[in-house]
Amino acid sequence: MKVRKYAAIDIGSNAIRLLTHNVIEEEGKDTLFKKSALVRLPIRLGEDVFKNGTISKRNEERLLNAMKAFQLLMEVHGVEKYMACATSAMREADNGQLVIDRILEASGVKIQLIDGEKEASIIASTDLKNLIRKDETYLYIDVGGGSTEFTVFSEGKIKISESFKIGTVRLLNGMVDDSLWNELELWLKKHVKGLPNLSIIGSGGNINKLHKMSGRKEGESLSYIWLRAQYHFLSSLTFEERVSELGLNPDRADVIIPATQIFVSSAKWIGAKKIHVPKIGLSDGIIKTLYYAKE
């Protein structure tokens, strides 16, 4: 038996994450991927970038310190290989590449800027295939702070994928026009028209949190009716009530509402009654991408 250590760094518009995995190889058996540790830091780069077009000096310093810490943690874990990916906020920042260069120089962490299409393909390399049945149609939705990736799976294969600049941090800051919502609605209806047995697969920290709040068992789907009711319930509470009464972290208590809105609206437009929550995302996809490219 051989145990290898891989790490994924996901630099999102709302939070950044370091995921470390033990990858266990044993002759005659399937490779086992087992999460070792997850660190999440709510730096919220998108708040800078979507308002001002640049990453502020304060958040640059916070991000740099986080990468130094992640580098040390990877050393302690004995990580042999890692990949760091930055998404919407870093892509759009006027000083994004400058910040990436400074981080590499100061911490040794090399960051890749990836577009929405690349992000969707990395996520698709996870265990999603274990969930997808050939006789059903799925709309995969990965909600981020700056953008949301939508992928239609039909007959077990990706039919089409698109990234929309409708993210939780943008929505919180009133940066999503009605025209973009209309564009998303038309895109969804066009690409699922006539497809049978439609359901949604959701990923991202917010839908994972909603699934936990529902009390459902792992692998049990959420219903559209429950999610819509939960959206109205969460919206009826103040930010303070969501923190004190529901026990949500402050950096989750605000973004969970726009995230739920994205899922509820999408489900309504395509007529989906079920939302599967396999609890996978970009970080998991990075680990798989690293492993299968190891040669």
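In the predicted model, five strands make up an open sheet of mixed pairing, in the order 3-2-1-4-5, where two strands pair if DSSP finds at least two bridges between them. Strands (E, at least two residues) and helices (H or I, at least four) are DSSP runs numbered from the N terminus. Strand 3 and strand 5 (111-113) are the edge strands, each pairing on one side only. On average, neighbouring strands of this sheet are turned by 20 degrees against each other, direction ignored; axes are lines fitted to C-alpha atoms, for helices over the stretch in contact, and angles run from 0 to 180 degrees between N-to-C directions. Six bridges join strand 1 (residues 2-11) and strand 4 (residues 81-86) in the parallel sense. Asp-10 has Cys-85 of strand 4 as its bridge partner.

The model is predicted, with local features requiring pLDDT of at least 70 and side-chain atom pairs counted only at pLDDT 80 or more, while totals for chains, interfaces and linings use all residues. Residues are numbered from 1 along each chain as its sequence is written, and side-chain values use heavy atoms, with hydrogens and water left out.

Pockets and cavities were located on a 1 Å grid over the protein atoms alone: a cavity is a set of points where a 1.4 Å probe fits but cannot get out, a pocket is an open set with protein on both sides within 12 Å along at least five of seven lines, and lining residues have an atom within 4 Å of a point. Grid points are joined across faces, edges and corners, and a volume is the space filled by probe spheres set on the points.

The largest pocket has a volume of about 1200 Å³. It is lined by 46 residues, of which Arg-17, Gly-204, Gly-205, Asn-208 and Asp-284 are the closest to its centre. At least two lining residues come from each of strand 2 (16-25), strand 3 (32-41), strand 6 (137-143), helix 9 (205-214), helix 12 (250-253) and helix 14 (282-292). Domain 1 (2-116 + 282-292) and domain 2 (127-276) each contribute at least three residues to this lining, the domain bounds being taken from an automatic or database domain assignment. By class, the lining has ten nonpolar, 20 polar and 16 charged residues; Ala, Val, Leu, Ile, Met, Phe, Trp, Tyr, Cys and Pro count as nonpolar, Asp, Glu, Lys and Arg as charged, and the others, Gly among them, as polar.

The second largest pocket holds about 170 Å³ of space. Its lining includes Leu-131, Glu-218, His-276 and Lys-279, and divides into three nonpolar, three polar and three charged residues. Lys-279 lies in the loop between strand 11 (274-276) and helix 14. Although not a glycine, Lys-279 has a positive phi of about 60 degrees. Its relative accessible area is 38%, which makes Lys-279 partly exposed (buried is under 20%, exposed over 50%, partly exposed in between; 1.4 Å probe, protein chains only).

Most residues other than glycine have a negative phi. Asn-197, in the loop between helix 8 (178-192) and strand 9 (198-203), also has a positive phi, of about 50 degrees. Asn-197 is partly exposed, at 47% relative accessibility.

One cavity of 30 Å³ or more is counted. Helix 5 (116-124) and strand 7 (148-154) give two or more residues each to the lining of the largest cavity. This lining consists of Ala-120, Ala-124, Leu-128, Tyr-140, Thr-151, Phe-153 and Ile-158, with six nonpolar, one polar and no charged residues.
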